[in-house]
Amino acid sequence: MAKSPETEHPNKVFGWAARDKSGVLSPFNFSRRDNGENDVTVKILFCGVCHTDLHTVKNDWGYSYYPVVPGHEIVGIATKVGKNVTKFKEGDRVGVGVITGSCQSCESCDQDLENYCPQMSFTYNAIGADGTKNYGGYSDNIVVDQRFVLRFPENLPSDSGAPLLCAGITVYSPMKYYGMTEAGKHLGVAGLGGLGHVAVKIAKAFGLKVTVISSSPKKEEEAITQLGADSFLVTTDPQKMQAAIGTMDYIIDTVSAVHALYPLLGLLKVNGKLIALGLPEKPLELPMFPLVLGRKMVGGSDIGGMKETQEMLDFCAKHNITADIELIKMDEINSAMERLAKSDVKYRFVIDVANSLSPP
Ligand code: NAP
Ligand code: ZN
């Protein structure tokens, strides 16, 4: 008989899990492997709440494997390091993001693109190298191979820095890969949520002109005054949308729900690029006319490799880029998820794990 999550490993862990597609989270006792020779055990301080956590607890993509302990924007303290661990020592402040495993020998891994390794394993809702299930950061500790642990720069706060481990790298990597960093070029950011607001800040640090493309006017003032965007477009305002046609060099699309690409493609100049990062539960329609007639391009991007994630953290530390957060206690997670589903968060919930997660 298969062992229970609580007894399959020696290291006892407490967290919060969703048990079914209602997505409701509740206390959960489970276990993790003992710290191995290449591992770092991390006492979790803070964990961001990504929309992927919400998609997964609700089984939006159809492959959730319950119980699910979400959480992949983890900042904590290394409490144990294995004998082969060279990058970290006990007491270091570290980060863990979206992936915690890969084959470490394929073409992608050799190019520091572990995120595209066919055997890459996600931090939660996945199976790890030892064949047992991975559980995420809504929990008191996590055990991770050192390759997938990040050095957390000194001047980055642990709470508002945590979202960089997913939201930050997810927007930074495509800006670099698709050549979207040239100062003075015009970037549209569709969807002003966790990913979108960090995209605005990183793009400003690269010297881009940034327009937020949002579904309502609610976030307009803050987008300009607090986040530093240059302008704000509401997709339901036909006059302003019309006036903005053909004005953008690139668009980063972070919208989490099914939406029309046609108006977004229209905003691009000839040769413009739309990079899709959001993962709506159903496919989007790809209109051919604006693509073909304007030699435009639609691409995608999945988080980033470990080397680039470290580079992004160091970049954000240098430019004082953090997320704007609403700090919550663990037992506030279900109402936070309800608000996240309504795009009602400014702009990332972060769980104060160490101060609010207490085993019964
Ligand atoms: P989020 O904080 O919920 O932000 C998504 C934003 O999309 C919302 O704030 C809202 O912006 C807009 N939006 C939501 N529903 C909409 C609708 N029905 N119509 C139009 N706009 C809508 O989510 P997030 O954490 O930034 O994640 C965004 C998406 O990226 C999710 O699908 C997530 O799974 C995915 N993701 C992908 C990667 C990757 O590696 N590619 C990594 C992380 C997350 P406005 O209020 O401005 O309209
Ligand atoms: Zn995420």
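Tutor: The largest cavity has a volume of about 60 Å³. Keep in mind that this is a predicted model. The count comes to one cavity of 30 Å³ or more. What lines the largest cavity? Start with Gly 97, Val 98 and Ile 99, which are among the lining residues. Leu 165 and Ile 169 also belong to the lining. Ile 303, Gly 304, Met 306 and Thr 309 complete the list. Now sort the lining by class. Six residues are nonpolar and three are polar.

Next, an open space. The second largest pocket has a volume of about 430 Å³. Its lining has 25 residues. Arg 33, Thr 100, Gly 128, Ala 129 and Asn 134 lie nearest the centre of this pocket.

Charge brings us to salt bridges. Side chains of opposite charge can pair when their charged atoms come close. How many salt bridges does a search of the whole structure find? The search finds 13. We will look at some of them.

Take Lys 201 and Asp 324. Their side chains meet in a salt bridge, at 2.5 Å from N to O. Lys 201 lies in helix α5 (residues 194–205), and Asp 324 lies in the loop between α10 (306–318) and β18 (325–328), so this pair ties together parts that are 123 residues apart in sequence. Are these two residues buried or exposed? Buried means under 20% relative accessible area. Lys 201 is at 15%, so Lys 201 counts as buried. Asp 324 is at 19%, so Asp 324 counts as buried too.

Helix α5 also holds Lys 204. Lys 204 forms a salt bridge with Asp 230, and their closest N and O atoms are 2.7 Å apart. Asp 230 sits in the loop between α6 (220–225) and β14 (231–234), so the pair ties together parts that are 26 residues apart in sequence. Asp 230 is partly exposed, at 39% relative accessibility. Lys 204 is partly exposed as well, with a relative accessible area of 29%.

In the salt bridge of Lys 269 with Asp 249, the closest N and O atoms are 3.2 Å apart. Lys 269 lies in strand β16 (residues 268–276) and Asp 249 in strand β15 (residues 248–253), so parts that are 20 residues apart in sequence are tied together. Lys 269 is partly exposed, with a relative accessible area of 33%. Asp 249 is at 13%, so Asp 249 counts as buried. Salt bridges can also share partners: Glu 326, Arg 339 and Asp 344 are joined into one network in this way.

Finish on the surface. Leu 286, Met 288, Phe 289, Val 292, Leu 293 and Val 298 form a nonpolar patch there. Together they have about 630 Å² of accessible area. Helix α9 (residues 288–293) gives the largest share of the patch, four residues. Leu 293 is found in helix α9. Why does Leu 293 count as exposed? Exposed means over 50% relative accessible area. Leu 293 is at 69%, so Leu 293 counts as exposed.

Note on methods:
Residues are numbered from 1 along each chain as its sequence is written. Chains are lettered from A and ligands numbered from 1 in the order in which they are written. This is a predicted model: local features need pLDDT of at least 70, side-chain atom pairs count only at pLDDT 80 or more; totals for chains, interfaces and linings use all residues. Side-chain values use heavy atoms; hydrogens and water are left out. Patches are made of residues with over 30% relative accessible area and no salt bridge: like charges are joined within 9 Å, nonpolar side chains (Val, Leu, Ile, Met, Phe, Trp, Tyr) within 5 Å. Accessible areas come from the Shrake-Rupley method with a 1.4 Å probe; for residues, only the protein chains shown count as cover. A salt bridge is a side-chain nitrogen of Lys or Arg within 4 Å of a carboxyl oxygen of Asp or Glu. Helices (H or I, at least four residues) and strands (E, at least two) are DSSP runs, numbered from the N terminus. Buried means under 20% relative accessible area, exposed over 50%, partly exposed in between (1.4 Å probe, protein chains only). On a 1 Å grid over the protein atoms alone, a cavity is a set of points where a 1.4 Å probe fits but cannot get out, and a pocket is an open set with protein on both sides within 12 Å along at least five of seven lines; lining residues have an atom within 4 Å of a point. Grid points are joined across faces, edges and corners, and a volume is the space filled by probe spheres set on the points. Ala, Val, Leu, Ile, Met, Phe, Trp, Tyr, Cys and Pro count as nonpolar, Asp, Glu, Lys and Arg as charged, and the others, Gly among them, as polar.
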